[in-house]
Amino acid sequence: MQRLVLATVVTWIAAAASAHGPATQPAQTRETAAPARQAPRAGGLAYRAAEVGRRAGALARIAQAVVTDRNGQVNSLGATAQQIQFQRQLQAQGVEAGFGMRRWSDQRFALNVDAALDRADALLAEYAKALGHVKATVSPDGVAIAAGGALAPLAGRAEAVLVELVNTSGRPAPVRIAGSIGEANLDPLQANLRPGTTEWLLLPYAVPRAGAFRMHLRAEAGAGRAEADLTGAAAPSRKVTVRILDDATGNPSAARLWLHGADGRYALAGGRPVVLAGERTVYTFGYCDGAAAATVPAGKVHVRAQKGFEYEIAEAETDAAEITVRLKRWVDMPAAGWYGGDTHVHWVKPNWYENEDPAWLNVHSQAEDLWVNNNLILKHWWKNVRTREFPQGLVANRPDTFGVGKVAELSTGGRIVWTGEEYRNDEVFGHMVFLRIDRLIEPVSTGFMGGPEAVHWPPNSHTHAMVREAGGISIAAHDVVHEVPIQAILGALDSLDAHNPDRYYDLLNCGFRLPLSIGSDYPANLMGFARVYVQCGAKLDYDTWVNHLAAGRTFVSSGAMLLLEADGQGPGGAIDAGDGKEVLVKGRALCRTPLAVVEIVHNGKVVRRVTPRGDGRRIEFAEKLTVAGPGWLAVRAYGGGSPTWWGREG
């Protein structure tokens, strides 16, 4: 009897608003047009390209401290800076990049670099106008300081002045900026400027009461001294507190929290701002463990709370001093036996080599409503982080706060945190995720990532037996790239993270039964922004979750809930099929936001499309298909917004 294998259900949903359509590549992989410049920029092209990165990093740090709607522009510039960095690597190595990136021509590279510099300079000018601006210049003649713009802080709120430090002296220059407001001294800034460079820093300050004030500043560089004053008036403020409760239980609930007042500034006191890898992406919300407080201008505040995919988004605009937000479920997947998890988290800071605060891991995880959080150890070589122990750069495993296995102190309330491993090779073999292992699989990273002495050995596929001996499963991370087809042929994979359905479908059409999973790769992306739901039954335990993931009893999603049966079999199952057999495919797609379409796919081809009725949040389908011979079936849903799980919201 021939068999028809049911492939893992796939959903392609994101909350970010854009036109519905087929899945696309992430924004950083697409070549964008740049306007022609009127005049050439100063400095060589390599210097200007490096300046884009420096400016983008400075702007991200500013945006982290002063969170406004301008953050979206800063994030976009950060993505461009990263793309420019990739292109510099391509030019140096003469190779193409993954994820569909095309190599720019030399002319387009120059145009994009200079356009990015223009954008960066414009943003810095906007921040200078909004925050107040101080420029200190070190030259062969000494140091000079100039201050511009009237300060307009909020009384009682942490504020900052934008400080631009310039070194034209031709030699390294240590610089110190100190100051005072009345009798109160400000915490000084210190920087070591390389010759011919500019740095942008924030000088923090606070004015306790409303009214006029004067800030006195002093710049020091070597024996040089210079002074300047800034004046301003602090506006009246008020305090607000926010409580976030689960509507069903009345208990405090972790969530993403947007909170801002009439001045457009986001208040994150008592919460945690979100900064992703390389400090290139800063979002306009914080993570909150059920309560937060803020200092805001007089008038109304706008509050928004969001928790995972299964709760309605709660919003309010009010002038109350105490605000209670209740989060209501619109669907309860655990009650139906499905538990969402992230297979790929690194609980490290955005620089990747420092461990994050363990106390915040559960806040992030619970705010995203993740039931299973797989915190992966990886090995990385940071060439520029040199210490006495690592004179050629830091080679270390991170995160190393917890060893492999269950993290008992963080696995509370029925939720599970488990430490696994990401086994990495950038150049040849790709990345692998190992779950439920009882020991590290060495050497953890091969090739460049493994350090200056590392080699491209062993291939990733050779580790599969070691993973099995350690009680684990192997997942190919980041799509069908590098060695993945060979691993599939050798039977060295238990699951696959596939961002491109066509490449995944090619493997299914070759007869490989590869369940689908997904992880965020935090801090490269928001934790849980795409996740895998695993059917576990009435009670969650980690062994069942991992085993059923490997068996394909899953669907992956960035927003929708998608349930499927074919002749009574669910995802990962198999049904008997002969030539001309009629199969009943039925199920439903549910979402917090409107859906656009559900597509039923047979052997890589869309054979049915079902559109929603009413508000579009629910699509039910029951379709009879005639199949001829063995193959596979999948169902996918598109949202009315972004069709790809790379879409992000913030």
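Biologist: In which helix is Leu 490 found?
Modeller: This is a predicted model, in which local features need pLDDT of at least 70 and side-chain atom pairs count only at pLDDT 80 or more, while totals for chains, interfaces and linings use all residues. Residues are numbered from 1 along each chain as its sequence is written, and side-chain values use heavy atoms, with hydrogens and water left out. Helices (H or I, at least four residues) and strands (E, at least two) are DSSP runs numbered from the N terminus. The run that covers residues 484–490 includes Leu 490, and this is helix α6.

Biologist: Is Leu 490 buried or exposed?
Modeller: Buried means under 20% relative accessible area, exposed over 50%, and partly exposed in between, with a 1.4 Å probe and protein chains only. Leu 490 has 54% relative accessibility, so the residue counts as exposed.

Biologist: What accessible area do Ile 486, Ile 489 and Leu 490 have together?
Modeller: Patches are made of residues with over 30% relative accessible area and no salt bridge, with like charges joined within 9 Å and nonpolar side chains (Val, Leu, Ile, Met, Phe, Trp, Tyr) within 5 Å. A salt bridge here is a side-chain nitrogen of Lys or Arg within 4 Å of a carboxyl oxygen of Asp or Glu, and accessible areas come from the Shrake-Rupley method with a 1.4 Å probe, for residues with only the protein chains shown as cover. Ile 486, Ile 489 and Leu 490 form a nonpolar patch on the surface, and their area together is about 320 Å².

Biologist: Which residue is the bridge partner of His 602 in β35?
Modeller: Two strands pair if DSSP finds at least two bridges between them. Strand β34 (residues 595–602) and strand β35 (residues 605–610) pair in the antiparallel sense over 5 bridges. Their hairpin has 2 residues between the strands, and Asn 603 takes a positive phi near 55° there. In β35, His 602 has as its bridge partner Lys 605.

Biologist: How many disulfides does the structure hold?
Modeller: A disulfide is counted for a pair of cysteine sulfur atoms within 2.5 Å. Among the cysteines, Cys 510 is exposed at a relative accessible area of 57%, whereas Cys 536 is buried at 12%. The number of disulfides in the structure is 0.

Biologist: What distance separates the C-alpha atoms of Asp 141 and Thr 168?
Modeller: Asp 141 lies in the loop between β3 (133–139) and β4 (142–148), and this residue is exposed, with a relative accessible area of 78%. Thr 168 is 27 residues apart from Asp 141 along the chain, and their C-alpha atoms are separated by 9.8 Å.
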